[in-house]
Amino acid sequence: MSVVFNTLLSVIIVAVAAAVVLGRQAFMAVVFFIAYGLLVALAWLRLEATNVALAEAAIGAGLTGILLLMSWTRLRALQAPAPPRPTRLIRMLAGLGAVAVTLGLLAALIRLPAHPGLQNAVAERLPLTGTENPVTAVLLNFRGWDTLLETLVLLAALLGVWTVTRDEDWPGPAGRRHRVLPDGVLAQFGRVLPPVALVIGAYLIWAGGHQPGGAFQGGTVLAAAWVVAVMTGHLPAPRVDDRWMRAAVLSGPAFFLGVGVTGLSMGTFLWIPPVIATPLLMAIEITLAVAIAATLSMLVFGAPEREETP
Amino acid sequence: MTPVEWLPFAICATALIGLGLYGLITQPLLLRRIIAFNMIGSGIFLLFGALSASETAGTDPVPQAMIITGIVVALSATALALGLAVAHAREGGRDP
């Protein structure tokens, strides 16, 4: 039975992906891409990767979707000239190349040797990590390096987004002003959703210690609450030079780096002593979630933009 | 997990990588190229995840953690790319 479901889901994902890539209008591509993200999240659930499914739904479909929609609006308002479509020959060659890549991957898939995986190695040392969620253990303990550098990548992306601000707009409130009808559907939505999202986000952060969830998923849901509250006009957009916002953005990486350096003084960078692992991991998770929520929100709001110049 | 359970997603992922590649080359709009690039990324994640689900004894948390990291990095790269695309359009949107 699950075979039928998985096959059907795969076919639908490919069909929606084809609509994203081949569809005529850019707006349709954006909308289909959001639907695509939710379907892929469903696929992750079928693969028993609940942590990934949560991340994909919140980040891959949710925040990426908002980003794409907002960018689409901005690009349409700017009315940049559309570049010419590539010639038929180039499209044919691209099609052949894409088919060749897919077939090559399929051929590699068949020849792939069986592999035991690392789940037993992780399960063996799980009691020493301070968490019962093996994915959280890998993210924050075994592979803390990856996660630390990842938060630095987020910071670098935010700096990159800010550097394309026009001089006359800097510093100002992040992003563009949003105009909302005070009694419209969106304003109502903005009253109902953020409180619910706050509870779910906080729960996901807490749950990451023992079941699916974690700093990234929970932080993203918190970011969504903030983004919705700002987009529906209930909160002002934070200024890019706001000290609290900047402190929140830096808190997670700074704390994690502090843990890393403290570990260094005991022999290993990012070493987490098993005795205090549980509270320490929770503290890392909470500060990271706050930093991720702030950074992702600021990434979604974008560079300060006062009013569009004609 | 038995092959019949994860194999559909692995095959689906290879198709997604191919579709994304085609879109990246043939779409003239920067916004749509960014979307296509994201599709290649999510196809690679799905391929990785489907292959790691192929083991018999439970799911492997290491690929899952790496994929979550990948999803977050993909989002930040997308945000930067979209910011650059908007800045490019603001400057007239022509090729240099």
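Mentor: Start with B:S76. This is a predicted model, and in it B:S76 has a relative accessible area of 1%.

Trainee: Why is B:S76 called buried?

Mentor: Buried means under 20% relative accessible area. B:S76 has 1%, so B:S76 is buried.

Trainee: Where is B:S76 found, and what is B:S76 in contact with?

Mentor: B:S76 is found in helix 3 of chain B, residues 61-90. Leaving aside neighbours within four places in sequence, B:S76 is in contact with A:V153, A:L154, A:A157 and A:L299.

Trainee: What makes helix 7 of chain A and helix 3 of chain B roughly parallel?

Mentor: Two packed helices are described by the angle between their axes and the distance between the axes. Here the angle is about 10 degrees, and the axes are 8 Å apart. Angles under 35 degrees count as roughly parallel. The two helices are therefore roughly parallel to each other.

Trainee: Which residues meet there?

Mentor: From helix 7 of chain A, they include A:D146, A:E150 and A:G160. From helix 3 of chain B, they include B:I68, B:V72 and B:L80.

Trainee: What makes the phi of A:E48 and of A:L270 worth a remark?

Mentor: Most residues other than glycine have a negative phi. A:E48 is not a glycine, yet its phi is positive, about 60 degrees. A:L270 is not a glycine either, and its phi is about 65 degrees.

Trainee: Where do A:E48 and A:L270 lie, and is each buried or partly exposed?

Mentor: A:E48 lies in the loop between helix 2 and helix 3 of chain A. Its relative accessible area is 47%, so A:E48 is partly exposed. A:L270 is in the loop between helix 10 and helix 11 of chain A. Its value is 6%, under the 20% cut-off, so A:L270 is buried.

Trainee: Which peptide bond is cis, and what is its omega?

Mentor: The bond joining A:W170 and A:P171 is cis, with omega about -15 degrees. A:P171 lies in the loop between helix 7 and helix 8 of chain A. Most peptide bonds are trans.

Trainee: How many helices and strands does chain A have?

Mentor: Chain A has 11 helices and 0 strands. Of its 310 residues, 47% count as buried.

Terms used:
Residues are numbered from 1 along each chain as its sequence is written. Chains are lettered from A and ligands numbered from 1 in the order in which they are written. This is a predicted model: local features need pLDDT of at least 70, side-chain atom pairs count only at pLDDT 80 or more; totals for chains, interfaces and linings use all residues. Side-chain values use heavy atoms; hydrogens and water are left out. Helices (H or I, at least four residues) and strands (E, at least two) are DSSP runs, numbered from the N terminus. Buried means under 20% relative accessible area, exposed over 50%, partly exposed in between (1.4 Å probe, protein chains only). Contact means heavy atoms within 4.5 Å. Axes are lines fitted to C-alpha atoms, for helices over the stretch in contact, and angles run from 0 to 180 degrees between N-to-C directions. Angles under 35 degrees count as roughly parallel, over 145 as roughly antiparallel, 65 to 115 as roughly perpendicular and the rest as oblique.
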